[in-house]
Amino acid sequence: MPLGLLLGLGRSWRRKRTSSLDILSSKRGPRDYYKGKNCKPTGFHTRKGGYVVVNEKLPNYVVPDLTDFKLKPYVSHCPINVKTAEAADSAK
């Protein structure tokens, strides 16, 4: 068997799996293919190159009123050991 034929068979076995070839990326697609990052558009492009933002497409975050909330919004990475009244009673 010629050496070239053996090398060709070896290269064909080392090729990528066909499942990885099915993934379409912007490098494998046509020149004008833009995959994006799975984000929803907030408006549309005009004919003259502008962009119009549609208020109905913007995200609307509903935040509850936290005026009398007891917990603080920050959690320290280095917590300090604090003795509470319950821990002091159980130690006695």
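Reply: Happy to. A polar contact of 3.4 Å joins the side chains of Thr-67 and Asp-65. Keep in mind that this is a predicted model.

Me: Where does Thr-67 lie, and is Thr-67 buried or exposed?

Reply: Look first at the element, then at the accessible area. Thr-67 sits in the loop between β2 and α3. Its relative accessible area is 61%, and exposed means over 50%, so Thr-67 counts as exposed.

Me: Which residues make the nonpolar surface patch?

Reply: Tyr-51, Val-53 and Leu-58 make it, and the patch covers about 260 Å². Leu-58 belongs to the loop between β2 (51–53) and α3 (85–91). With a relative accessible area of 36%, Leu-58 is partly exposed. A patch residue needs over 30%, so Leu-58 passes that cut-off.

Me: How do I read the overall fold, and in what order do the elements of the chain run?

Reply: Count the elements, then follow them along the chain. There are three helices and two strands in the protein chain, and from the N terminus they run α-α-β-β-α.

Me: How much of the chain is buried?

Reply: Of the 92 residues in the protein chain, buried ones make up 2%. The chain exposes about 10200 Å², with carbon and sulfur atoms supplying 58% of that area.

Me: What about cysteines: how many disulfides does a search of the whole structure find?

Reply: The search finds zero disulfides. Cys-39 is exposed, at a relative accessible area of 61%, and Cys-78 is exposed with a value of 61%.

Me: Where is confidence lowest and where is it highest in the chain?

Reply: Helix α2 (residues 18–21) is lowest, with a mean of 60, while β2 is highest, at 96. For the protein chain, the mean pLDDT is 78, and 70% of the residues reach 70 or more.

Technical notes: Residues numbered from 1 in each chain as written. Predicted model: local features only at pLDDT ≥ 70, side-chain atom pairs only at ≥ 80, totals over all residues. Heavy atoms only, no water. Patch = residues over 30% accessible without salt bridge, like charges linked within 9 Å, V, L, I, M, F, W, Y side chains within 5 Å. Areas by Shrake-Rupley, 256 points an atom, 1.4 Å probe, with all protein chains shown as cover. Salt bridge = Lys/Arg side-chain N within 4 Å of Asp/Glu carboxyl O. Helix = DSSP H or I, 4+ residues; strand = E, 2+ residues; numbered from the N terminus. Buried < 20%, exposed > 50% of the residue type's maximum accessible area, 1.4 Å probe, protein only. Disulfide = S-S within 2.5 Å. pLDDT = per-residue confidence, 0-100. Polar contact = N/O pair within 3.5 Å; in protein donor to acceptor, adjacent residues only side chain to side chain.
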